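Please read them with the structure open beside the text.

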Amino acid sequence: MALNALERERQRRERRTLAALLTPGLLWLILFFALPLVIILVYSFMTNGPRGNILWQFTLGNYIDLFTRSIYVNAYLRSIWISVLTTVICLLLGYPLALFIVRQPPRWRTALLFLVLIPFWTNFLVRIYAWQIILANNGLINGALSSLGLPPLTLLNTEGATLLGLVYGELPFMVLPIYAALDRFDFTLMEAAADLGASKRRAFWRVMLPMTMPGVAAGSVLVFIPTIGQFVVSELLGGAKVDYLGNLIQRLFLRSNPPNWPLGSAMAMAMMLVLLVLILIYFRATTEEER
Amino acid sequence: MSTTNAVELHDVVKRFGDIAAVDHVSLEIGDGEFFSLLGPSGCGKTTTLRMIAGFEYPSSGSIVIHGREMATIPPHRRPVNTVFQSYALFPHLTVAQNVAFGLEMKRRPKDEIAARVREALEQVRLSGFADRRPRQLSGGQQQRVALARALINQPEVLLLDEPLGALDQKLRKELQIELKSLQRRVGITFIFVTHDQEEALTMSDRIAVMSQGKVLQIGSPTEIYERPTCRFVADFIGETNFIAGKVIENGANAATIETSDGLRLRGVTPRPVRVGAPAVLSIRPEKALLLAPGDARAGHAFALPVRVELVSYIGSDTRITVRLNDQRTFDVWEQNTLSTLDRDAYWQPGEPAVLVCPPDNALVLTE
């Protein structure tokens, strides 16, 4: 009886501590994440006024526009396509790089990881401007080409430049999770596979890759998500020649005259939906792996 | 009729940087033999095994398996399989998938694989565990999965790298016997790496004792224990007493040493010794006898007056440490063949005694 009372008192105190610890974070999330999200969701069903003001009339028109007008549909497909491409290239570059680093003696490993992280010391925009200098018509590469007597190449303001910038910016986010997965991987298993008759290639597909899949999945999500919403790289390196989702959303909110917040909100919501589906697939894949 | 050897190593050297981990090792391992590589950690036994498996390549020398030179053959094309020290089971695969791995790599038909996996799991008494993951098994069960995964491929040679090292003492003893009888049944050549001398003595047909990259002696367990050819082997295998001195006379199979304090002791020489060479007289504790003073009989290599210092009764034996007159100690183990509580039947500390040893039981060994 007395014990029960003590136990209840202890539980009550634990709950109070928990609440005290969780409240600041919860408030932050509600105020700066959930609330804006709800606002955007509401906007996306409203009508745009003639001067870019919001008329509080419910409509599905924004979403209908989104899925029927080719400018928006194309931006969608283009964004998904370049994100897939960026993710795949980052994976193809990042996996071997992570594997190489993990196989070095510990002293070198730290140094090499450090090198992977060094770009983060400089602001992303500054680094993208640096790529402009490298790729420009009178930039470093073309300078080198002309001094060799070769004709100049158009590098800047192409979709190739966009892809290059994206891969450059996102590669560390692929390398780090894969490195972490490989670091936990017991390489004796590769010897065991070889011992049982597996060539290096088959041992990779059958043992190393499945066992490091959580790292691959995490890296892919980390690369894919920011890439699908990006607008800076395609504007600064791609020359804003083609529209990606991010560019359209940015323009609808800030640049078009009049602005169209409801349509921009609908685009943002639709983008989130795609990401949500992808993240669900990712969680399914990784939990499957751990079971 | 000449029998082919399962594995031959010819003058194999493996260098890591400046260090020779394996230093001019030559071995001939017969077909169907249970052969052990025994030595302390860092003696090169595991490196030798890894070279036979193909995980390391010799710096020089050659490795031949059933008459085929292995120098350019990668591990996945060698007719050998390995049981790893940590088992190296694939954690993402079930027990059955682990065991099936080798056959899958050989692209055997699906129904053949299923049947052989079932058979292999039966052989190691794990039939009910086919769908478990390795981490859901005990250490002993994991060890048996590793064994089944290797043996299902019917290798010409099975390599075992301290496969019992991670198990507790009792399980180890059980598995030693199980492994030995399994080897008899399947008739596959086993090369077994261990640092546990008792394990090697129990299981092996022949043992190679290694130290610092070199093979010091190859022989049957009896040969290794009864006729070690050097001081290291006598010391590493079992217990022994050493009395240091210098060879003063040598015959065909025996020699005499003289200690610094003038004792002259005679013993058998498993390997010829030079007059003048520093040597030790090696006597196993169970091979010496302690007699009451005045009880000394003829026909012993020596009879030394001693004083009993320590007596430890351990059930099957009584272990007695005696002090020689020159402040040297010497261990004698007496088997307790009489069942008695009579105090006089056991030695007491402080008692005078005579230490004697039959001539064949003392060995004269050099470094």
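This is a predicted model: local features need pLDDT of at least 70, side-chain atom pairs count only at pLDDT 80 or more; totals for chains, interfaces and linings use all residues.

1. B:R68 belongs to strand β5 of chain B, a strand that covers residues 68-69.

2. The surroundings of B:R68 deserve a look, because once its neighbours within four places in sequence are left aside, B:R68 is in contact with B:I63, B:P79 and B:E156. With B:E156 there is also a polar contact, made from side chain to side chain at 3.2 Å. The C-alpha atom of B:R68 lies 9.3 Å from that of B:V7, although 61 residues separate the two along the chain.

3. Strand β4 of chain B, residues 60-65, contains B:S62. Is B:S62 buried or exposed? Its relative accessible area is 19%, and because buried means under 20%, B:S62 is classed as buried. Please keep both the value and the cut-off in view when describing B:S62.

4. The side chain of B:S62 makes a polar contact with the side chain of B:E69, at 3.4 Å. When residues up to four places away in sequence are not counted, B:S62 touches B:E69 together with B:E8, B:L9, B:H10 and B:V12.

5. B:V209, which lies in strand β9 of chain B (residues 206-211), has a relative accessibility of 0% and so counts as buried. Not counting residues up to four places away in sequence, B:V209 touches a set of residues that includes B:L38, B:V215, B:L216, B:I224, B:F232 and B:I237, and B:K214 and B:Q217 are also among them. B:V233 is another residue that B:V209 touches, and the C-alpha atoms of this pair, 24 residues apart along the chain, are separated by 7.0 Å.

6. Turning to chain A, helix α5 (residues 124-135) packs against helix α7 (residues 159-184) at an angle of about 140°, with the two axes 11 Å apart. That angle makes α5(A) oblique to α7(A), because angles count as roughly antiparallel when over 145 degrees. The contact is made by A:F124, A:R127, A:I128, A:W131 and A:L135 on the α5(A) side, and by A:A161, A:L164, A:G165, A:Y168 and A:G169 on the α7(A) side. The crossing of α5(A) past α7(A) is right-handed.

7. On confidence, chain B has a mean pLDDT of 92, with 97% of its residues reaching 70 or more. For the complex, the predictor gives an ipTM of 0.85 and a pTM of 0.85.

Conventions:
Residues are numbered from 1 along each chain as its sequence is written. Chains are lettered from A and ligands numbered from 1 in the order in which they are written. Side-chain values use heavy atoms; hydrogens and water are left out. pLDDT is the predictor's confidence in each residue, from 0 to 100. Helices (H or I, at least four residues) and strands (E, at least two) are DSSP runs, numbered from the N terminus. Buried means under 20% relative accessible area, exposed over 50%, partly exposed in between (1.4 Å probe, protein chains only). A polar contact is a pair of N or O atoms within 3.5 Å; within protein, one must be able to donate a hydrogen and the other to accept it, and residues adjacent in sequence count only if both atoms are side-chain atoms. Contact means heavy atoms within 4.5 Å. Axes are lines fitted to C-alpha atoms, for helices over the stretch in contact, and angles run from 0 to 180 degrees between N-to-C directions. Angles under 35 degrees count as roughly parallel, over 145 as roughly antiparallel, 65 to 115 as roughly perpendicular and the rest as oblique. A crossing is left-handed if the near helix is turned anticlockwise from the far one by less than a right angle, and right-handed if clockwise.
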